Amino acid sequence: MKKILKKVGALLLTATMTLPLTACGSGSSDTPDTKKESSVSDTDSDNADTGSSEEQITLTIWHQSVADTDPVKKIIEDSVTEYHELHPNITIEQDGVTGEQYKTKIKTAFAAGEAPDISYMFSGGSFVKPYIDAEYLLPIDEYISEETKSKVLPGMLDGCTFDGKLYTLPTVTFLANLYCNTEMFDKAGAKLPTNWTELLDAVDKLNAAGYTPIMMGEKDRWPGMYWYDIVSARTAGNKALEEAFADPSKFNSEPFIQAAEKMQELVNAKAFNDNMMSMSYDEMVEGFAAGQGAMLFQANWVHPSIQAETAATKDKVTCISFPVIEGSAGSATEFSGGSSDGYYINANCEHPKEAVEYLCYLSEKIGRVGYQMGAGLPCWNTEGVDTSSLTKLDTESAALMETGTSYITWWDNIFPAEASETYKDLVAQLMAFKITPEEFAEGMSKLSPSEFY
């Protein structure tokens, strides 16, 4: 599910005014007020006037935006209230749990025939494709107008389309960056790293100054996976990664063995916190925001936590491209990220038209308001969006994306589900020195290929 996204950073950096959202397929809009970011067509207005004379409809949506620092949580909550005001006959009931719990909950619900009308799905085929293949999810092409499609940035509908059918709309997109606490770097006399040698030098100097160089929460396994994702992109290059996804036997080759060696080199250099194997993702981000470590490699969804008023890191962090590895194929303009999660309609939804209309409303609202609030980089045309509240990290991340020559999304969203779990297990074993780099590469070579490359 590659995304080659151009000019996103320029859009983010130059937009200056707030424009209203439009209803799905609607060609008209109202002047926004301070309460609402939405507008309705003449038909919607007529429906609102009839009020209780219309059939009363309740739609359910499940999501994983539950943290108070996640801007999407408030956007969803606001959308529920606003949409009911615009459509008095429609009530939206929302419920959310955190990421890993959500995956279990949604899987169980679909298997039991108890899934909601609208479900959040993680980007990439390995998570959502089994639900599509099982015909649990509804293609929405017949409900989406060309006008709505035209407001989505070029290429962003590709990740929403399976077997030639559109299943969702994008929200915001993400880019993984190396976040550096400049205060700690300055006190340690360390340089922001541009290559692997400089990264190891920074690790040594930060350790000597009494700082934990890199925060890692490998209890949830996927944070370590992100590190191998990007390190192998630097040793092999994104083109070689794509070839390996299609033919996993290619993972048993020198660039991927070298990436595994680099991972263990970091552990040996005491780059990570001692309790990394028992620290969760949430604890990792909270720890970095509390000033417990000097570096964090994560996607730009961590910005709200890092920039929170109560965070020790507020205004003390910069984000940079992951360092290159001297003499290797990868470049600093090859990134992890560039994908968008979305919300999907239950194939058994009793009111699909109304569900898709809310899906359009919510997706664009997250895309515009979410980007405005630092929830991610835009997938929708953001011309006229007020960017005055964007943080330094938001603009830095957008500028990095502008330099990108290729993007590969998170590997657990590329591999088939079982292979994805095996990959995360292999990375955790590698970091714990339970397997050698050669054994890691051999294990990777036995994974099932991805049909998306």
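The side chains of Lys353 and Glu357 are joined by a salt bridge, with 2.7 Å from N to O; a salt bridge here is a side-chain nitrogen of Lys or Arg within 4 Å of a carboxyl oxygen of Asp or Glu. The model is a predicted one, in which local features need pLDDT of at least 70, side-chain atom pairs count only at pLDDT 80 or more, and totals for chains, interfaces and linings use all residues. Residues are numbered from 1 along each chain as its sequence is written, and side-chain values use heavy atoms, with hydrogens and water left out.

**Helix H14**

- Lys353 and Glu357 are four residues apart in helix H14, and are therefore separated by about one helical turn; helices (H or I, at least four residues) and strands (E, at least two) are DSSP runs, numbered from the N terminus.
- Lys353 is partly exposed, at a relative accessible area of 45%, and Glu357 is also partly exposed, at 21%. Buried means under 20% relative accessible area, exposed over 50%, and partly exposed in between, with a 1.4 Å probe and protein chains only.
- Val356 belongs to helix H14, which covers residues 352-372, and is buried, with a relative accessible area of 1%.
- Although Val356 and Ile118 are 238 residues apart along the chain, their C-alpha atoms are separated by 8.8 Å.

**Other salt bridges**

- The structure holds 21 salt bridges. Side chains of opposite charge can pair when their charged atoms come close.
- Asp425 forms a salt bridge with Arg221, and the closest N and O atoms are 2.6 Å apart. This pair links distant parts of the chain, 204 residues apart: Asp425 is in helix H16, while Arg221 is in the loop between H8 and H9.
- Asp425 is partly exposed, with a relative accessible area of 33%.
- A network of salt bridges links Arg221, Asp412, Glu421, Lys424 and Asp425.

**Helix H11**

- Helix H11 has 15 residues (254-268), which should span 21 Å at 1.5 Å a residue, and its end C-alpha atoms are 21 Å apart, in agreement. The expected span is 1.5 Å times one less than the number of residues.
- Lys262 counts as buried at 15% relative accessibility, whereas Glu265 counts as partly exposed at 30%.
- The buried residues of H11 include Phe256, Ile257, Met263, Leu266 and Val267. The buried residues of this helix pack against helices H8 (196-208), H9 (222-236), H10 (238-246), H16 (417-431) and H17 (437-445).
- Just after H11, Lys270 takes a positive phi of about 60°.
- Asp201 is found in helix H8 and counts as partly exposed, at 33% relative accessibility.

**Core and overall make-up**

- The secondary structure comes to 17 helices and 13 strands.
- Of the 453 residues in the protein, 58% are buried.
- The largest nonpolar core has 138 residues, of which Trp227, Tyr228, Tyr343, Trp411, Tyr423 and Phe440 touch the most other members. Its largest share, 10 residues, comes from H14. A nonpolar core is a set of buried Ala, Val, Leu, Ile, Met, Phe, Trp, Tyr and Cys residues joined through side-chain atoms within 4.5 Å.
- Of the contacts (heavy atoms within 4.5 Å) with a separation of 6 or more, 78% are between residues 24 or more positions apart.

**Confidence**

- The protein averages a pLDDT of 88, and 87% of the residues score at least 70; pLDDT is the predictor's confidence in each residue, from 0 to 100.
- Over residues 1-20 the pLDDT is below 50, and this stretch has 75 contacts in the model beyond near neighbours in sequence.
- Residues 26-52 also have a pLDDT below 50, with 47 contacts beyond near neighbours in sequence.
- Where pLDDT is low, the predicted coordinates should not be read in detail.
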